[in-house]
Amino acid sequence: MNPFDFQQPADVDAALAALAAPGARPIAGGTNLLDLIKEGVMKPSGLVDINPIAGLAAIAEDGTGLRLGALARNADTAYHPLVRERYPLLAAAILAGASPQLRNMATNGGNLLQRTRCVYFYDVGTPCNKRGPGTGCPAKAGLNRQLAILGTSPQCIATHPSDMCVALRALDATVHVRAANGERSIPFADFHRLPGDTPDVDSTLQPGELITHITLPDARRFAQRFEYVKVRDRLSYAFALVSVAAALDLAADGTVRAARIALGGVAHKPWRVEEAEELLTGRPAGETAFEQAAERILRGARGYGQNDFKIPLAKNAIVQALTNAVQKNELRGAPR
């Protein structure tokens with residue numbers, strides 16, 4: 001048993017003071033953190049329960065966009081009327097993740113901070129550069145079927161496991177954090193990191209910072225033609241081999257006015273290549289254009305043996321997601 005302190009602050013300032021202690025971690029739903037503690041992967045010196053803090057679970061309009069509280073549960077977010085109406089891609093991605101029980105507990109802030117499910121990361125009896133920097137990455141020549149094909153480094157080929165984050169990346173979300181010395185806003189593209197030489201650092205969140213909310217810009221033009229494709233080994237409670245969040249804004253003649261495409265299950269962070277989206281702009285929405293966009297997104301992809309199949313799988317998933325998005329109509333536009 002790893003001893004730790006436990007605190008339940010009543011407000012953000014008190015939470016930040018508690019998190020200033022070395023080794024302290026915030027806990028809300030605990031759906032990933034508790035597993036990591038039980039497995040001995042993480043050994044926090046203190047847990048700061050932020051659930052009692054008022055105001056962090058709200059979901060509300062933010063100008064023409066939307067504000068998602070960090071403590072809002074994933075299920076509440078997916079089924080919120082404003083999310084279903086204006087951001088159905090996000091709702092679909094959330095509902096593709098985990099299980100109903102986990103979505104009822106997991107929070108939006110925690111979803112962003114969940115850690116890889118690489119088997120070597122979870123097995124404290126094996127080397128892992130993410131868990132123990134400098135110890136090595138046996139996944140490169142070992143069990144890597146689930147692991148990354150893009151953005152890898154010699155130090156790590158882990159993937160980010162979230163479904164929600166894939167949609168947030170496609171929708172240009174912003175993460176808002178607070179620390180004792182002030183607040184800052186982090187574009188979603190900059191929140192998660194590629195492994196590089198420091199794979200133990202998952203995000204740009206700094207020690208002592210707390211996620212307070214996430215904002216989304218107006219995306220109603222993408223609310224009718226969207227698709228979240230998740231390819232996995234079983235229909236539920238499984239992480240993606242490849243996932244694609246795709247949304248299109250089409251003109252009356254079927255040409256693409258704007259596109260959004262992000263991938264999950266393929267990199268250390270949700271993967272998006274804006275240049276590929278620009279390739280579609282002004283062109284007829286069809287298989288030829290979609291294949292070219294997919295090839296641009298996957299430029300530089302490489303497998304490590306067991307996960308070689310993910311490269312053609314990802315290409316097919318991108319084309320399928322975009323094709324399905326074209327076929328969406330208003331009656332099928334929102335998850336039910």
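1. Start with the largest cavity, which has a volume of about 80 Å³. A cavity here is a set of points, on a 1 Å grid over the protein atoms alone, where a 1.4 Å probe fits but cannot get out. Grid points are joined across faces, edges and corners, and a volume is the space filled by probe spheres set on the points. Lining residues have an atom within 4 Å of a point. There are 16 of them around the largest cavity, and the closest to its centre are Cys 118, Cys 128, Cys 137, Cys 156 and Ala 158. The lining divides into 11 nonpolar, four polar and one charged.

2. Before going on, a word on what you're looking at. This is a predicted model, where local features need pLDDT of at least 70 and side-chain atom pairs count only at pLDDT 80 or more, while totals for chains, interfaces and linings use all residues. Residues are numbered from 1 along each chain as its sequence is written, and side-chain values use heavy atoms, with hydrogens and water left out.

3. How many cavities of 30 Å³ or more are there? The count is two.

4. Now the sheets. Strands (E, at least two residues) and helices (H or I, at least four) are DSSP runs, numbered from the N terminus, and two strands pair if DSSP finds at least two bridges between them. Five strands form an open, antiparallel sheet in the order β4-β5-β8-β6-β7. Its edge strands, each pairing on one side only, are β4 (59–62) and β7 (182–187). Neighbouring strands are turned by 25 degrees against each other on average, direction ignored; axes are lines fitted to C-alpha atoms. Four bridges join β4 to β5 (residues 65–69), and Asp 62 stands opposite Gly 65 in β5.

5. There's also an open sheet of three strands, β1-β3-β2, with parallel pairing. Strand β2 is joined to β3 (residues 46–49) by four bridges, with Val 48 in β3 as the bridge partner of Pro 26.

6. Which residue forms a salt bridge with Arg 178? That's Asp 13, with the closest N and O atoms 2.4 Å apart. The pair links distant parts of the chain, 165 residues apart: Arg 178 sits in strand β6 (residues 174–179) and Asp 13 in helix α1 (residues 12–19). Counting a side-chain nitrogen of Lys or Arg within 4 Å of a carboxyl oxygen of Asp or Glu, the model has 18 salt bridges.

7. Last, the record. An unreviewed UniProt entry carries the annotation "domain: FAD-binding PCMH-type" for residues 1–221; such annotations may be inferred rather than shown by experiment. That span is 27% helix and 18% strand, and its end C-alpha atoms lie 52 Å apart.

Methods:
1 Å grid on protein atoms, 1.4 Å probe; cavity = no way out; pocket = protein on both sides within 12 Å on 5 of 7 lines; lining within 4 Å. Nonpolar A, V, L, I, M, F, W, Y, C, P; charged D, E, K, R; others polar. Axes fitted to C-alpha atoms, helices over the stretch in contact; angles between N-to-C directions.
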